[in-house]
Amino acid sequence: MDVKATSEKNREGKRNARERMQAQREADEAASRRRKKLIAGGSVFAVIAAAVVTGVIVQNQRSEPETPAAAPAGTTGDKNLVIPVGAANAPSVLTVYEDPRCPACGSFEREFSATIDQLEDQGKISTNAHIVSFIDRAVPGKGSKSGANALACAQDAGHFRDFHDVLYRNQPEETNDAFGDKAVLISLAKQVNGLDTPAFEACVNEDRYGGWVSSVQQDFDKSGYRSTPTVLLNGQPIYPKNGNDQITPANLAKWVDAANQGKQLGTPGSNGQTPAPTAAAPEANNPSPNAG
Amino acid sequence: MAGPAAPPGDCVPTPAARRTVPAWTQPLGTAVRLGLAVVWGWAGLAKIADPAEAAQAVRAYELLPEALVKPVGHALPFLELALALLLVIGLGVRLVAGVSTLLLLTFVAGIGSAWARGISIDCGCFGGGGHVDASQTEYLQEILRDTGFLLLAGWLLWRPRTKFSADGWLAG
């Protein structure tokens with residue numbers, strides 16, 4: 001064994017040790033990078049999963065129930081979402097989905113409310129009113145919701161039809177959120193005899209039927225009907241056309257008479273609505289004469 | 001440790017052979033990251049206030065069964081806010097950019113399918129949503145807008161390293 005061989009062996013051992021250390025350091029660094037990536041990726045997934053779960057739970061709790069906790073007096077349907085107008089035993093049923101803030105509903109009402117009120121008073125139809133409130137989603141403001149609540153309050157007081165007619169005759173332009181102002185709604189209520197009472201004002205001001213309004217809207221969301229006004233006669237869409245025929249006040253009366261042929265007319269006033277001074281109600285307070 | 005003493009054969013390639021990335025991409029990436037964060041934050045906040053409205057915006061696409069409409073409508077704004085938060089702090093940017101890309105592609109596909117089927121809806125991208133008059137649909141604008149957002153997400157997929165990010169801090 002000579003000196004040269006020993007030194008050779010030594011050098012080799014040193015190099016091996018250096019390589020091993022180097023490899024170890026690289027392995028450590030790679031492991032550390034992997035760990036950091038795992039931490040970042042894991043945190044991302046944790047945050048996203050937590051957000052999704054929170055969203056489902058929180059938003060579900062924040063949602064208004066589909067069945068309202070309180071509904072206005074006299075409402076019908078399995079969840080009390082419908083306001084009936086006219087004789088309950090009338091042979092034909094007119095179903096109307098309307099948003100107080102919807103301009104097309106305003107022009108429909110200005111053209112047809114007198115005829116519809118008359119058909120109701122003759123016991124020929126009863127109307128099922130669905131007060132929708134979705135314009136607020138598209139146009140800033142809360143006129144749909146507060147207007148719908150005020151209509152619910154009027155129903156509670158037995159003056160739905162008259163107040164409904166007054167509201168539509170005084171409808172502001174869609175972009176004008178006048179109905180979002182409760183004072184405007186209360187002031188319009190003065191046009192209906194006996195409606196503007198402290199009870200009605202409190203109902204409007206405290207948004208008493210806000211939950212009911214939301215339930216009605218959710219019902220509309222699921223109804224498959226997409227716009228307002230949606231008008232059905234005995235379940236058949238008649239607005240803007242019934243088959244090939246354009247709806248007009250005369251046609252509406254004609255269609256109702258045809259549907260009622262040979263049937264017993266209903267007893268008017270059985271829904272406790274006051275007789276209508278509607279056709280004569282003043283339009284002086286209209287905040288926007290150009291509405292519609 | 002080895003320093004200049006290391007013999008030529010002992011030379012180790014720089015870790016993972018990182019390609020050099022131009023220095024200016026990092027500040028630009030930060031701007032892109034924050035821009036996308038604003039988009040998600042805005043979209044999430046706009047949808048969060050009214051759960052019923054968010055659900056209806058989803059329902060109007062007529063793509064999901066009723067049982068999924070509410071969970072999706074309710075979770076989506078929170079998911080968007082989570083993405084915004086992660087982008088602001090810059091954690092897992094490439095992964096978040098990937099999720100953003102998937103989500104945006106889903107949105108574009110949804111809008112495109114509504115357009116193709118002739119359904120008249122507002123995309124509900126930033127609140128609102130649901131059925132609108134056929135004359136009021138804005139499918140092309142909505143898709144172009146989302147494509148712009150896709151470009152932001154795509155940039156971050158490609159160059160996820162940005163200044164002032166938790167990723168940078170983690171990587172030391």
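Which strands form a hairpin with two residues between them in chain A? The hairpin is formed by S4(A) and S5(A), and A:Asn234 in its turn has a positive phi of about 50°. The model is predicted: local features need pLDDT of at least 70, side-chain atom pairs count only at pLDDT 80 or more, and totals for chains, interfaces and linings use all residues. Residues are numbered from 1 along each chain as its sequence is written, chains are lettered from A and ligands numbered from 1 in the order in which they are written, and side-chain values use heavy atoms, leaving out hydrogens and water.

**Overview of chain A**

- Chain A contains nine helices and seven strands; helices (H or I, at least four residues) and strands (E, at least two) are DSSP runs, numbered from the N terminus.
- Of the 292 residues in chain A, 43% are buried, where buried means under 20% relative accessible area, exposed over 50% and partly exposed in between (1.4 Å probe, protein chains only).
- Among contacts in chain A with a separation of 6 or more, 77% are between residues 24 or more positions apart; a contact means heavy atoms within 4.5 Å.

**The sheet of chain A**

- An open sheet of five strands has the order S1-S3-S2-S4-S5 in chain A, with mixed pairing; two strands pair if DSSP finds at least two bridges between them.
- Its edge strands, each pairing on one side only, are S1 (83–86) and S5 (236–237) of chain A.
- Strand S4 (residues 230–233) of chain A runs antiparallel to S5(A), and two bridges join them; A:Leu233 stands opposite A:Gln236 of S5(A).
- S2(A) and S4(A) also run antiparallel, joined by four bridges, and A:Tyr97 has A:Thr230 in S4(A) as its bridge partner.
- In a regular strand the side chains alternate between the two faces of the sheet.
- S4(A) is covered on both faces, with A:Thr230 and A:Leu232 buried on one side and A:Val231 and A:Leu233 buried on the other.

**Helices of chain A**

- Helix H2 (residues 103–121) and H9 of chain A have axes that come within 9 Å and cross at roughly 25°; axes are lines fitted to C-alpha atoms, for helices over the stretch in contact, and angles run from 0 to 180 degrees between N-to-C directions.
- H2(A) and H9(A) are therefore roughly parallel to each other, a term for angles under 35 degrees, whereas those over 145 count as roughly antiparallel, 65 to 115 as roughly perpendicular and the rest as oblique.
- The crossing of H2(A) past H9(A) is right-handed: a crossing is left-handed if the near helix is turned anticlockwise from the far one by less than a right angle, and right-handed if clockwise.
- On the H2(A) side, A:Glu111, A:Phe112, A:Thr115, A:Ile116 and A:Leu119 meet A:Pro249, A:Leu252, A:Ala253 and A:Val256 of H9(A).
- Helix H5 (residues 160–169) of chain A is largely enclosed by the rest of the structure, because ten of its ten residues are buried; among them are A:Phe160, A:Arg161, A:Asp165 and A:Arg169.

**Backbone features of chain A**

- Most residues other than glycine have a negative phi, and most peptide bonds are trans.
- The peptide bond from A:Thr228 to A:Pro229 is cis, with omega near -5°, and A:Pro229 lies in the loop between helix H8 (210–223) and S4 of chain A.
- A:Asn80, in the loop between helix H1 (3–62) and S1 of chain A, has a positive phi near 55° and is partly exposed, with a relative accessible area of 33%.
- A:Asp207, in the loop between helix H7 (198–205) and H8 of chain A, has a positive phi of about 50° and is partly exposed at 34% relative accessibility.

**Chain B**

- UniProt places "domain: Methylamine utilisation protein MauE" (unreviewed entry) at residues 27–159 of chain B; UniProt positions follow the numbering used here, feature names are shortened, and annotations may be inferred rather than shown by experiment.
- That span of chain B, residues 27–159, is 75% helix and 3% strand, and its end C-alpha atoms lie 11 Å apart.
- UniProt also lists residues 81–108 of chain B as "transmembrane region" (unreviewed entry); residues 81–108 are 89% helix and 0% strand, with end C-alpha atoms 19 Å apart.
- Helix H4 (residues 93–117) and helix H5 (residues 139–158) of chain B pack at an angle of about 160°, with axes 9 Å apart, which makes H4(B) roughly antiparallel to H5(B).
- H4(B) and H5(B) cross in a left-handed manner.
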